Amino acid sequence: MLKMEYTSEVAAQSPSPKSSNSSSSPPPPPPPLPSTSVVISPCAACKILRRRCADKCVLAPYFPPTEPTKFTIAHRVFGASNIIKFLQELPESQRADAVSSMVYEASARIRDPVYGCTGAICQLQKQVNELQAQLAKAQAEVVNMQLQQANLVALLCMEVAQSPQQNPHQPINDFLSNSPQSYHSNPSFLDDNNLGSSWEPLWT
């Protein structure tokens with residue numbers, strides 16, 4: 001009787017193999033993500049030339065697909081083979097400037113087939129010469145005005161230095177100082193006879 005109870009207790013305490021296996025099993029893997037394919041658009045040069053754009057395309061960094069006119073202008077004047085040859089002969093640090101120069105020169109050649117960019121350079125040089133002449137004329141006028149101002153200031157200083165400093169009461173003092181002298185020199189001016197003779201015509 002006791003043996004049966006002990007075995008039943010041991011059987012109740014011991015875990016079942018199914019439960020242990022289910023707890024140690026790894027979680028199920030997540031569902032796979034949908035595959036996304038990256039589509040790389042060819043550069044403008046390869047798109048216009050209708051060829052496959054390689055991973056290391058020389059023209060791709062300088063002719064993006066959003067600027068097809070840029071390559072069209074350069075290709076019209078220089079040609080694709082010459083453009084590729086020019087870029088391969090230059091280091092990467094100078095290729096962007098070379099492409100800009102080629103596009104500018106090709107645009108000028110299309111506008112002016114005779115002179116090209118030389119005509120634009122001559123026109124700009126003419127404008128520079130005209131502006132330099134205007135600047136020299138303005139500078140000469142400024143110097144002339146400065147000389148005139150300096151001469152005017154010098155004349156004013158000379159006039160102030162040469163003219164004596166007059167007292168505003170000087171004419172009155174001169175009159176008062178000269179009046180007694182005129183009286184003493186001509187005492188008959190106030191004589192009664194002279195006064196009578198001077199007033200005599202008034203009473204006749």
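**Salt bridges.** I looked for salt bridges first, a salt bridge being a side-chain nitrogen of Lys or Arg within 4 Å of a carboxyl oxygen of Asp or Glu. I found that the structure holds one. The partners are the side chains of Lys70 and Glu67, at 4.0 Å from N to O. My reminder to myself is that side chains of opposite charge can pair when their charged atoms come close.

I then looked up accessibility, where buried means under 20% relative accessible area, exposed over 50%, and partly exposed in between (1.4 Å probe, protein chains only). Lys70 is partly exposed at 24%, and Glu67 is partly exposed at 38%.

**What I am working with.** This is a predicted model, in which local features need pLDDT of at least 70 and side-chain atom pairs count only at pLDDT 80 or more, while totals for chains, interfaces and linings use all residues. I number residues from 1 along each chain as its sequence is written, and side-chain values use heavy atoms, with hydrogens and water left out.

**Whole chain.** I listed helices (DSSP runs of H or I, at least four residues) and strands (E, at least two), numbered from the N terminus. The protein chain has nine helices and zero strands. Of its 204 residues, 13% count as buried. I also checked contacts, meaning heavy atoms within 4.5 Å. Among those between residues at least 6 apart in sequence, 42% join residues at least 24 apart.

**Aromatic pair.** I counted rings of Phe, Tyr and Trp (its six-membered ring) as paired if their centres lie within 6.5 Å, with planes under 30 degrees apart stacked, over 60 edge-to-face and the rest tilted. The count came to one aromatic pair. The centres of the Phe63 and Phe71 rings are 5.2 Å apart and the planes stand at 80°, so I noted the pair as edge-to-face. Both Phe63 and Phe71 are buried.

**Nonpolar core.** A nonpolar core is a set of buried Ala, Val, Leu, Ile, Met, Phe, Trp, Tyr and Cys residues joined through side-chain atoms within 4.5 Å. The largest one has 19 residues, and those touching the most other members are Leu59, Phe63, Phe71, Ile83, Leu87, Val99 and Met102. At least two residues of this core come from each of α3 (44-49), α4 (68-77), α5 (80-89) and α6 (92-111). I followed Met102 and found that it touches Phe78, Ile83, Phe86 and Leu87, leaving out residues up to four places away in sequence.

**Helix α6.** I compared its span with the expected one, 1.5 Å times one less than its number of residues. With 20 residues, α6 reaches 30 Å from its first C-alpha to its last, close to the expected 28 Å. Its buried residues include Arg95, Val99 and Met102. The buried residues of α6 pack against α4, α5 and α7 (117-162).

**Arg50.** Where does Arg50 sit? I placed Arg50 in the loop between α3 and α4. Arg50 has a positive phi of about 60° although it is not a glycine. Arg50 is exposed, at 79% relative accessibility.
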